[in-house]
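This briefing concerns the pockets of a protein and the packing of its helices. Please keep the sequence and the structure in view while reading.

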Amino acid sequence: LSLEERLASYVVEGTKEGLIPDLDQALGRYTALEIINGPLMAGMEEVGRLFNNNELIVAEVLQSAEVMKASVAYLEPFMEKNETSVKGKILLATVKGDVHDIGKNLVEIILSNNGYQIVNLGIKVPPERIIEAYREEKVDIIGLSGLLVKSAQQMVTTAQDLRNAGIDVPIMVGGAALTRKFTKTRIRPEYDGMVVYAKDAMDGLDLANKLMD
Ligand code: B1M
């Protein structure tokens, strides 16, 4: 197997044996983010496909998630940092009913490496907690993540609850179940402030920079 194929296969197989030396080797050729977005993400997509076809069980997907998390943790110190002054404060949460947090945590790393202060509320976060945290922390942007189809609907509900609480700071949404169109036609009409859709973590950074300009 090529280096790239081996990296994807650690994620697919859910094994860490040989992972670190291969990550080190990959760092000689690619940036940390290229390794994540390329071979590791390809592995995760394959995991999703196999799981969908009932060829993997949840316990196996969890092991894959562990490998992805360990890889991201190992690569984090190698990621580009732009330590400018603090650009703003962003709240991040995986919405109520959803446990997927690898993408959200990657967004946290990228934003915090680029001048943002992050308030990460974790997973399965109900709107009430977001409202409470918004009031305590006075964040500039509220970031919502969700990967399940039902999470897209949960974002609509969350936007409605935020509006009812009188909040209108920009909301940034992301995650596999969402599209730009859903964001525009279903979430935005339910909210008084801006709602933007980020397709990945780097897009999230670009959007945050634009929103804070
Ligand atoms: Co689950 N899962 N999972 N899962 N899982 C999916 C999402 C699924 C598509 C797999 C499939 O069937 N093909 C499917 C959803 C189906 C649907 O709703 N249409 C699914 C399912 C069904 C489930 C369960 C219901 C399974 C079960 O129990 N029967 C269950 C749900 C539990 C719950 O949430 N209540 C479940 C559980 C799990 C695990 C716990 C085993 C594990 C998660 C571990 C963890 O996160 N700590 C897991 C995993 C790993 C996946 C897949 C395989 C991979 C997700 C991932 O981490 N990707 C996933 C299939 C897939 O996506 N291919 C799947 C890597 C990550 C870096 O990408 O999160 O997309 P992603 O983030 C990207 C962008 O989306 C974006 O930037 C990130 C990086 O560039 N982004 C943002 C994300 N959030 C953002 C926020 C932003 C900006 C950008 O601003 C705020």
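In this predicted model, A152, Q153, M155, V156 and A159 of helix α7 meet F182, R186 and I187 of helix α8.

**Helices α7 and α8**

- Helix α7 covers residues 149-164 and helix α8 covers residues 180-187.
- The two helices pack at an angle of about 35°, and their axes lie 10 Å apart.
- The crossing of α7 and α8 is right-handed.
- Sorted by class, the residues of the contact between α7 and α8 comprise six nonpolar, one polar and one charged.

**Helices α1 and α2**

- Helix α1 spans residues 3-13, and helix α2 spans residues 19-27.
- The angle between these two helices is about 140°, with a separation of 10 Å between their axes.
- Because of this angle, α1 is oblique to α2.
- Where α1 passes α2, the crossing is left-handed.
- On the α1 side, the contact is made by L3, R6, L7 and Y10, while α2 contributes L19, D22, L23, Q25 and A26.
- The contact of α1 with α2 consists of six nonpolar, one polar and two charged residues.

**Helices α5 and α9**

- The axes of α5 and α9 cross at roughly 45° and come within 9 Å.
- The helix α5 is therefore oblique to α9.
- The crossing of this pair is right-handed.
- Helix α5 brings L106, V107, I110 and L111 to the contact, and helix α9 brings A201, M202, G204, L205 and A208.
- Eight nonpolar residues and one polar residue form the contact of α5 with α9, and no charged residues take part.

**The largest pocket**

- The volume of the largest pocket is about 1,400 Å³.
- Its lining is formed by 45 residues, and H100, I102, G103, L147 and A176 are those that lie nearest the centre of the pocket.
- Several helices give two or more residues to this lining, namely α3 (32-52), α4 (58-75), α5 (102-112) and α9 (201-212).
- Strands that likewise give two or more residues are β1 (88-94), β3 (141-145), β4 (171-174) and β5 (195-198).
- Helix α3 gives the most to the lining of the largest pocket, with eight residues.
- By class, the lining of the largest pocket has 29 nonpolar, nine polar and seven charged residues.

**The second largest pocket**

- The second largest pocket has a volume of about 180 Å³.
- Which residues line the second largest pocket? They are T31, A32, L33, F78, M79, E80, N82, I110, N113, N114, M202 and L205.
- Helices α3 and α9 each supply at least two residues of this lining.
- The lining of the second largest pocket divides into seven nonpolar, four polar and one charged residue.

Technical notes. Residues numbered from 1 in each chain as written. Predicted model: local features only at pLDDT ≥ 70, side-chain atom pairs only at ≥ 80, totals over all residues. Heavy atoms only, no water. 1 Å grid on protein atoms, 1.4 Å probe; cavity = no way out; pocket = protein on both sides within 12 Å on 5 of 7 lines; lining within 4 Å. Points joined across faces, edges and corners; volume = space filled by probe spheres on them. Helix = DSSP H or I, 4+ residues; strand = E, 2+ residues; numbered from the N terminus. Nonpolar A, V, L, I, M, F, W, Y, C, P; charged D, E, K, R; others polar. Axes fitted to C-alpha atoms, helices over the stretch in contact; angles between N-to-C directions. Parallel < 35°, antiparallel > 145°, perpendicular 65-115°, else oblique. Left-handed = near helix turned anticlockwise from the far one by under 90°. Contact = heavy atoms within 4.5 Å.
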